Amino acid sequence: MSSTTTTAGTSFIDPFSATIDLAEGVMTDFTRRTERKASSMRGHYADASALERLVASGDPLHYEVFEKPVPEEYGHLMYCISKLYPGLVGEEYFMTKGHYHSILQTGEIYLCLRGSGFMLMKTKDGCFAAEKMERGRMVYVPPYWAHRSVNTGTESLVSFCAYNAEAGHNYGDIETEGFVKRVLKAGGVPVIR
Ligand code: PAN
Ligand code: ZN
């Protein structure tokens with residue numbers, strides 16, 4: 001590591017790169033992997049007993065997040081690969097927990113690499129938005145908007161995400177507030193309601 005002029009609170013680190021397998025939807029040289037199984041999604045789906053049946057039948061993986069973390073400090077950019085598996089809990093498509101950033105004034109970019117679904121977004125004062133996610137489509141999550149991705153397809157929904165590294169994740173408020181709308185399979189197609 002060479003020395004340079006740095007500002008207090010923002011660590012100097014060396015440049016690096018990462019390898020993303022676009023076909024599989026994984027970061028192959030990740031140093032941190034977070035997994036969420038069905039059992040970690042309690043309280044999020046409308047049909048709680050359908051979720052318990054899923055947990056009892058082997059507690060399948062819902063989603064994985066692959067990262068090579070950087071310092072969680074102002075100026076750094078955190079990034080990851082988010083891989084959400086396809087499936088249904090009752091009539092509701094598999095989704096991520098969703099969160100606000102702890103520092104609400106921080107946004108995020110999702111670039112969808114594979115699959116199809118929706119990004120659901122909501123604000124503290126009740127605004128709601130949904131953006132379609134499919135390969136090659138970018139979703140801009142502005143500051144103040146909680147975000148949750150939903151997989152309405154038959155393959156994994158894979159995105160590359162990038163956001164302020166100091167943002168932090170607030171899951172608790174979504175656990176109590178819910179997300180305004182759900183994405184359900186009705187008549188064989190996804191319906192947001
Ligand atoms: C993403 C999410 C990832 C998993 O990296 O963390 O898609 O979703 P949950 O965090 O809601 O479980 C992101 O938005 N980071 O800020
Ligand atoms: Zn986020």
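**A histidine and its surroundings**

Guide: His147 counts as buried because its relative accessibility is 2%, where buried means under 20% relative accessible area, exposed over 50% and partly exposed in between, with a 1.4 Å probe and protein chains only. This is a predicted model, in which local features need pLDDT of at least 70 and side-chain atom pairs count only at pLDDT 80 or more, while totals for chains, interfaces and linings use all residues. Residues are numbered from 1 along each chain as its sequence is written, chains are lettered from A and ligands numbered from 1 in the order in which they are written, and side-chain values use heavy atoms, with hydrogens and water left out.

Visitor: Okay, and where is His147 found?

Guide: His147 belongs to strand 13, residues 146-151; helices (H or I, at least four residues) and strands (E, at least two) are DSSP runs, numbered from the N terminus.

Visitor: Which side chain does His147 join in a polar contact?

Guide: The side chain of His147 has a polar contact of 3.3 Å with that of His101. A polar contact is a pair of N or O atoms within 3.5 Å; within protein, one must be able to donate a hydrogen and the other to accept it, and residues adjacent in sequence count only if both atoms are side-chain atoms.

Visitor: What about ligand 1, how many residues surround it?

Guide: Ligand 1 is surrounded by 16 residues, the closest being Tyr63, Glu108, Tyr110, His169 and Tyr171, and a residue is near a molecule if one of its heavy atoms lies within 4 Å of it. An oxygen atom of ligand 1 lies 2.8 Å from a polar side-chain atom of Glu108, and for His147 a polar side-chain atom is 3.2 Å from an oxygen atom of the ligand.

Visitor: Changing topic, how many salt bridges does a search of the whole structure find?

Guide: The search finds 11 salt bridges, each being a side-chain nitrogen of Lys or Arg within 4 Å of a carboxyl oxygen of Asp or Glu. One of them pairs Lys122 with Glu177, with the closest N and O atoms 2.7 Å apart. Lys122 lies in strand 10 and Glu177 in helix 2, so this pair ties together parts that are 55 residues apart in sequence.

Visitor: And are those two buried or partly exposed?

Guide: Lys122 is buried, at a relative accessible area of 5%, whereas Glu177 counts as partly exposed at 34% relative accessibility.

Visitor: Which residues are linked with them in a network?

Guide: The network of salt bridges links Lys122, Lys124, Asp173 and Glu177.
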